[in-house]
Amino acid sequence: MNDHSLKPFLAMEVLAKAKQLEKEGHNICHLEVGEPAHSPAPNVIKAMHEALPNPQTYTHAKGVEELRASLCDFYREQHSVEINKNNIIITMGSSAGFTLAFLSGFKKGARIALTRPGYPAYLNILNGLGFEVEEIGLNAKNKWRLSANDIEKAYKKRPFDGLLFASPANPTGASISAHEFKKIVATCKRLGVRFISDEIYNGLDFTQNSLSALEFDNDLIVVNSFSKYFCMTGYRIGWLVLPDNLVRKTEMLAQNMFISAPSLSQVGAIAALKEREYYQEKKQSYLQNRDILTKGLVELGFKNVLSADGAFYTYVDVSNLTNDSFEFCQKLLQEAKVGATPGADFDRIDGNKYVRFSFAGKRSVIKEALKRMAEFLIRPKSIL
Ligand SMILES: Cc1ncc(COP(=O)(O)O)c(C=O)c1O
């Protein structure tokens with residue numbers, strides 16, 4: 001029986017420990033959290049700065065109309081799909097979007113499938129809300145990519161009511177092709193499985209144009225956020241795109257649970273959507289970071305180091321160095337002053353063999369981290 005109990009988010013725990021070491025005067029290379037090193041575009045800051053003296057009151061629970069209309073333009077321009085602004089709800093990051101989507105889209109006790117490895121909050125939120133979880137195991141041999149066939153096989157073993165899936169994915173950086181995405185959406189529809197697409201890394205694809213599930217069907221839920229591509233993690237702003245029959249129910253839940261998303265952040269989000277050039281430049285810098293980190297990790301002897309398709313993570317096999325990646329990460333932080341996230345965060349079965357490194361930070365920090373890891377790995381006492 002898989003353990004689905006509430007667990008700490010280890011990336012945040014490593015970060016807290018790293019911050020403590022910084023307070024004590026140590027210099028830390030942060031490769032543990034998925035936070036862009038860049039600020040939002042200057043025009044985003046300017047727009048918020050100008051709005052600040054005005055009263056920041058609650059907005060409509062679905063978000064301000066201008067932002068929802070701007071998101072319709074975004075879908076038209078980036079994905080050639082027409083979305084009605086009434087189907088969009090602005091949320092406090094995708095984290096609030098998940099809660100709304102789960103409560104709105106499923107009956108009490110429904111079973112939702114997730115990939116393993118996957119973003120840890122999925123499991124913890126579902127578990128906290130009283131849903132059941134079914135995990136679909138992925139592997140490095142298939143480049144951590146989910147297939148329609150995997151879904152079909154898992155469903156035959158034990159049916160589920162929903163599937164929550166991200167492409168590009170955290171922690172693996174895996175993206176799927178348009179062909180497979182279409183098959184996955186069609187397979188879910190045929191099986192009567194509600195599809196929830198976490199598109200938070202949309203815009204951060206290195207091998208193809210980013211896809212939205214809305215290109216293939218509109219009877220599904222899309223969760224997205226300004227946190228990653230738009231470099232606005234702390235602003236807590238995201239959105240949902242919902243099918244017609246879930247809009248009103250989700251709106252009522254949003255009214256009661258959150259009242260509205262932060263008004264100032266909605267001003268910033270409207271400005272962010274106009275700053276494509278700035279954000280495309282940042283994406284190029286992650287691509288360069290990815291190449292430096294991937295090459296460096298291969299040279300250091302880590303196993304199964306794949307070049308991420310998207311997002312800003314690489315998920316590597318450390319089983320030749322340790323049988324406990326949590327302990328390995330603790331030593332790496334304590335001795336080499338490099339933060340990395342243990343795989344147990346993302347996979348409660350095989351995660352002990354893996355570590356996630358983020359390349360969202362500054363290039364100089366990634367280079368320094370590689371140097372420090374080279375020294376750490378040649379010290380025999382460090383190897384568990
Ligand atoms: C896959 C994925 N989804 C959702 C989130 C949550 O993002 P936010 O609530 O900032 O939008 C994260 C954060 O790292 C993530 O990696």
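Two strands are taken to pair if DSSP finds at least two bridges between them, and strands (E, at least two residues) and helices (H or I, at least four) are DSSP runs numbered from the N terminus. The structure is a predicted model, in which local features need pLDDT of at least 70 and side-chain atom pairs count only at pLDDT 80 or more, while totals for chains, interfaces and linings use all residues. Residues are numbered from 1 along each chain as its sequence is written.

Three strands form an open sheet in the order β9-β12-β11, with antiparallel pairing. Because β9 (313-317) and β11 (341-342) stand at the edges with a single partner strand each, one side of each is left without a neighbour in the sheet. Two bridges join β11 to β12 (residues 354-358) in the antiparallel sense, and P342 is found opposite V355 of β12.

Turning to the helices, the axes of α11 (residues 325-336) and α12 (residues 363-378) come within 10 Å and cross at roughly 105 degrees; axes here are lines fitted to C-alpha atoms, for helices over the stretch in contact, with angles running from 0 to 180 degrees between N-to-C directions. The two helices are therefore roughly perpendicular to each other (65 to 115 degrees). L332, E335 and A336 of α11 meet R372, M373, E375 and F376 of α12, contact requiring C-beta atoms, placed from the backbone, within 7 Å.

Finally, the ligand is surrounded by 13 residues, the closest being G93, S94, S95, S225 and S227 (C-beta atom, placed from the backbone, within 6 Å). Helix α4 (residues 93-105) gives the most to this shell, with three residues.

Technical notes: Angles under 35 degrees count as roughly parallel, over 145 as roughly antiparallel, 65 to 115 as roughly perpendicular and the rest as oblique. Two residues are in contact if their C-beta atoms, placed from the backbone, lie within 7 Å.
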